[in-house]
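Take a moment with the sequence and the fold. The tour below starts from a charged pair, then moves to a sheet and its surroundings.

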Amino acid sequence: MLRRPRTLGLAALALLLTAALFVPRATTQRDGVAERSAGGAPTRAAPGPAPAPGPADIGAAGTTDLTPAMRREIDRVVAQGTALPALRGRPDPTALAAREVRCATFEQLTYCLHLGWTDASPTEARARVAAAATATTAGSRESTGDLDPLADLTSSARLAPRVRAAADRAELTAAARAVAKVWAIRHEVLGEPYPRGFWARHAAARPTTNASTSTYAARGSTTATTRKKTVKDYPKKDTVLDPKQVREQVRSYWCGPASTQMIVWGWTGKKRTQRHWAGELGTTSSGTSITRIVRTINNKTGWDNKKHAGPYITLDVKGWSYGQWYLLLARHVHDYRAPLVLHPILVKKYFPYLDDDASGHFQ
């Protein structure tokens with residue numbers, strides 16, 4: 001459910017794909033995650049709340065074909081990982097981040113393994129992940145369902161080089177094929193211009209319509225004007241999934257399986273247990289990887305098609321304003337009729353039932 005709260009201490013909410021749940025009352029930001037976006041919208045003659053469009057009225061940025069430049073960049077980053085031996089012994093967070101958080105540049109945008117699409121430089125990205133992993137070693141945070149950075153980095157570093165290379169290549173390829181989605185978000189939410197010739201290079205992924213704009217006729221005029229929608233154009237409440245398909249997580253670290261259960265159930269109409277999804281996602285008592293959630297939703301549902309929101313991605317929104325984040329959420333739920341997953345950090349200040357500040361959480 002989309003609800004406009006008065007305050008929300010954002011941090012890096014990893015917009016991924018969530019269910020018909022309330023937006024959290026307060027959280028801090030988390031490096032993180034995914035979303036989907038891009039266009040198709042109602043047209044109207046006068047200002048006012050727009051009706052929720054049906055799936056047939058929506059068009060989103062779809063997947064792009066890999067360019068030769070993208071393939072070379074994927075090969076470069078994969079080769080860096082292939083040259084690294086499997087980790088042995090006790091891991092050092094800073095060293096782990098230095099070797100595992102490797103970044104690629106696709107169409108002027110940065111994607112880092114173990115972080116996602118980000119505005120951070122590779123050096124900044126590694127420093128942030130290292131700091132989060134170090135906090136985990138201090139034992140200062142209880143686990144609340146996401147795969148903590150130390151466990152995530154360690155599991156990757158311990159893989160045999162060939163296995164790690166295959167996983168890295170799959171993740172980077174999926175990221176590159178979603179570059180049109182990322183640029184659509186940056187253009188429609190952050191107001192950034194597309195790179196010169198972008199849609200000529202990625203014509204197949206171009207949105208057929210644009211849900212982020214609406215057409216208005218000024219008072220006394222017969223000429224329509226198109227402008228970008230703002231938060232004020234959206235209703236205060238909206239719902240994507242059937243409330244009957246909402247379930248609480250049945251284990252303290254199963255927020256990932258619970259979110260996935262609801263999202264797949266909402267698309268297929270078939271309920272699978274959280275235990276099933278925990279197995280599908282590789283969830284352990286250490287939590288769930290956000291990358292596995294993204295991949296599973298793209299593979300198991302059609303929420304990622306162009307009639308809804310396009311490919312799900314892992315998007316770092318650290319540094320975004322609350323208004324920018326909320327506009328993205330509103331568009332996702334109202335215009336694209338697709339759920340998303342939020343990835344906040346839970347802190348005791350806002351969640352007093354916690355013993356202390358916690359790790360990341362999916363909802």
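E188 and R331 are both buried (buried means under 20% relative accessible area, exposed over 50%, partly exposed in between; 1.4 Å probe, protein chains only). Their side chains meet in a salt bridge, with N and O 2.4 Å apart. The term salt bridge covers a side-chain nitrogen of Lys or Arg within 4 Å of a carboxyl oxygen of Asp or Glu. This pair links distant parts of the chain: E188 sits in helix 6, R331 in helix 11 (residues 322-335), and 143 residues separate them. Helices (H or I, at least four residues) and strands (E, at least two) are DSSP runs, numbered from the N terminus.

A word on the source. This is a predicted model, in which local features need pLDDT of at least 70 and side-chain atom pairs count only at pLDDT 80 or more, while totals for chains, interfaces and linings use all residues. Residues are numbered from 1 along each chain as its sequence is written, and side-chain values use heavy atoms, leaving out hydrogens and water.

Two strands pair if DSSP finds at least two bridges between them.

C103 has C112 in strand 4 as its bridge partner. The hairpin of these strands has 2 residues between them, and E107 there takes a positive phi near 50 degrees.

E107 also forms a salt bridge with R201, with the closest N and O atoms 2.9 Å apart. E107 lies in the loop between strand 3 and strand 4 and R201 in helix 7 (residues 198-201), so the pair ties together parts 94 residues apart in sequence. E107 is buried, at 17% relative accessible area. R201 is partly exposed, at 42%.

Next come strands 4 and 5. Strand 4 (residues 109-112) pairs with strand 5 in the antiparallel sense over 3 bridges. T110 has T118 as its bridge partner in strand 5. Y111 stands opposite W117. This hairpin has 3 residues between its strands, and H114 in the turn has a positive phi of about 75 degrees.

What covers strand 4: one face or both? Both faces are covered, with L109 and Y111 buried on one side and T110 and C112 on the other.

Helix 6 is mostly covered, with 9 of its 10 residues buried. Among them are V179, W183, I185 and E188.

Back to the charges. The salt bridge count comes to 13. One of these joins E100 to R99, with the closest N and O atoms 2.7 Å apart. E100 counts as buried because its relative accessibility is 0%. R99 counts as buried too, at 16%.
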